[in-house]
Amino acid sequence: MSTTMQVMEFPLFINGQWRPASSGETFDVVNPATGAVVAKVAKATKQDAEEAIRVARETFDSGVWSRKKPQERAQVLVQFAQKIVEHAQDLVFLESVSSGGTIRRIGNSDILQIADLLQQTAKFAMEYSYVQSLPVVSFPASNNNQIWREPIGVVAAITAWNFPMILAMWKLAPALAMGNTIIVKPASNTPLSTLKLAELAVQAGLPAGVFNVIAGPGASVGETLVTHPQVDKVAFTGSTEVGRRIMQLASGTVKRVTLELGGKSPSIVLPDADLELAVPGILFGVFLHSGQICESGTRVLVHDSIYDEVVSRLAEAAKSIRLGNPLDPATGMGPVVSKQQLDTVLGYIEAGIQEGARLVCGGNRAVGAGLDNGYFVEPTIFADVTNDMKIAKEEIFGPVLSVIRYSTVEEAIQIANDTIYGLASGVWTSDANKALQIARELKAGTVWINDWHMFRSDAPFGGYKQSGFGRELGRHALDEYTQVKHVHLSMTSEIEQRPWLNILFN
Ligand code: NAD
């Protein structure tokens, strides 16, 4: 791999080695801030996917990783975290020029999050209850019974383009900690940082073949992983539409599946909210990474009594968000990921106007001042949105906020929950008790009170409803990468003590 050339080149990473695609083909990775090709990446074929599966299977079965002591695995995870910190600058660059994320965010947050997750997971792995002894009971007989937690085997991780490193690490850290082997298929817009992570993991002491990366089309490479009988689990982050297909395909071989899917997350602003906190908080919740976050707070429900004031303060504050090249530390908001995504987002803005929502801010492709060749969208706010409008129902995955009016808390809760999604939700209020009462009513996997986007390595994240199932982060995530075995050791050596045999024999 070379990162110094103008156009970088990345092969596949299988069995601890770089290798070209079996077809010799590559695909282009484009910088969404400039429209320029930044890398050529080996385009994996079905055969490459099968080879990665074979390697991951053999490596798992060999026990070189799966039978290591938890302490030894934990040590490698900590060393991996150190390698990430040492190579942070490279990783931030690769992530930024492919995903369009700002270096201000990736450098100050994403890198810290993935290093912290590895360290926390190492700690959890050492404390984990791999063997649980059951008490001796008289019925059906006095025996020794244990419950073991074992790795699942070969994991296929398929990730989206918005947070390539974080989404890969949410799967990698628990999968590796529990002794599985893994094949990651990153999204085709953003494979660079994931490939680099695989190289760093081997340098950190991870045995070859434990962590493999193949970049390529979802329809061929992705589906090979999801249908192959030698893959034991699929961990997927992406759209609800593809998630449904993956669930169907995985059923052919009855694989375990965890799905982290789309969202349309609501926040409720109560009349007593501190608007000095709520206004920047709401904008942070929706415009970070140009709104391309699954849990972005895209619907904000505001009480009648403060509605006009909140709308005008949001529109005013949005003006201070600076768009620009994500490699510039002064940039607060970068582009959306691709021309296709730009067109999708502009299409939704048009739909909002057509449906009668009131545009109070933005609404256009952002141009001028070095933005012309990139895929930039102005921070966009619609007021007078009703929850049946397309912009309130569908995930836009762009910098578009819908502000909805309500008059009673019951109505706000009803609107908040009136969605097929259930990833995140929030409340802005000065009354903590009230907020906790509302939190109980919200059907979502995360509730942020007077905050947004606050992840912790020890707090589980995942969806209610069609936002998916399974949990990433925290101790819960370790369970998702193990299977449960009950071991019964009979202590009744005399046949007379086995009365159940009489059920069959005379
Ligand atoms: P996507 O569903 O189009 O693609 C996700 C991944 O699946 C990519 O790697 C893609 O190549 C692969 N894929 C596509 N078709 C496939 C198939 N038939 N079989 C196997 N793999 C296939 O999603 P995207 O556009 O990359 O990402 C945006 C979506 O991801 C949004 O809906 C967003 O909400 C969601 N997302 C969810 C979370 C979460 O944690 N819940 C986080 C980030 C993004």
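The side chains of Asp90 and Lys196 meet in a salt bridge, 3.8 Å from N to O; the term means a side-chain nitrogen of Lys or Arg within 4 Å of a carboxyl oxygen of Asp or Glu. This pair links distant parts of the chain, with Asp90 in helix 3 (residues 88-99) and Lys196 in helix 6 (residues 192-203), 106 residues apart. Helices (H or I, at least four residues) and strands (E, at least two) are DSSP runs, numbered from the N terminus. You are looking at a predicted model, where local features need pLDDT of at least 70, side-chain atom pairs count only at pLDDT 80 or more, and totals for chains, interfaces and linings use all residues. Residues are numbered from 1 along each chain as its sequence is written, and side-chain values use heavy atoms, leaving out hydrogens and water.

- Lys196 is buried because its relative accessible area is 6%; buried means under 20%, exposed over 50%, and partly exposed in between (1.4 Å probe, protein chains only).

- Asp28 sits in strand 4 (residues 26-30) and Lys40 in strand 5 (residues 37-42).
- Arg19, Glu51, Arg54 and Glu58 are linked in a salt-bridge network.

**A residue from the record**
- UniProt's unreviewed entry places the feature "active site" at Glu260, although such annotations may be inferred rather than shown by experiment.
- Glu260 lies in strand 12 (residues 256-260) and is buried, at 6% relative accessible area.
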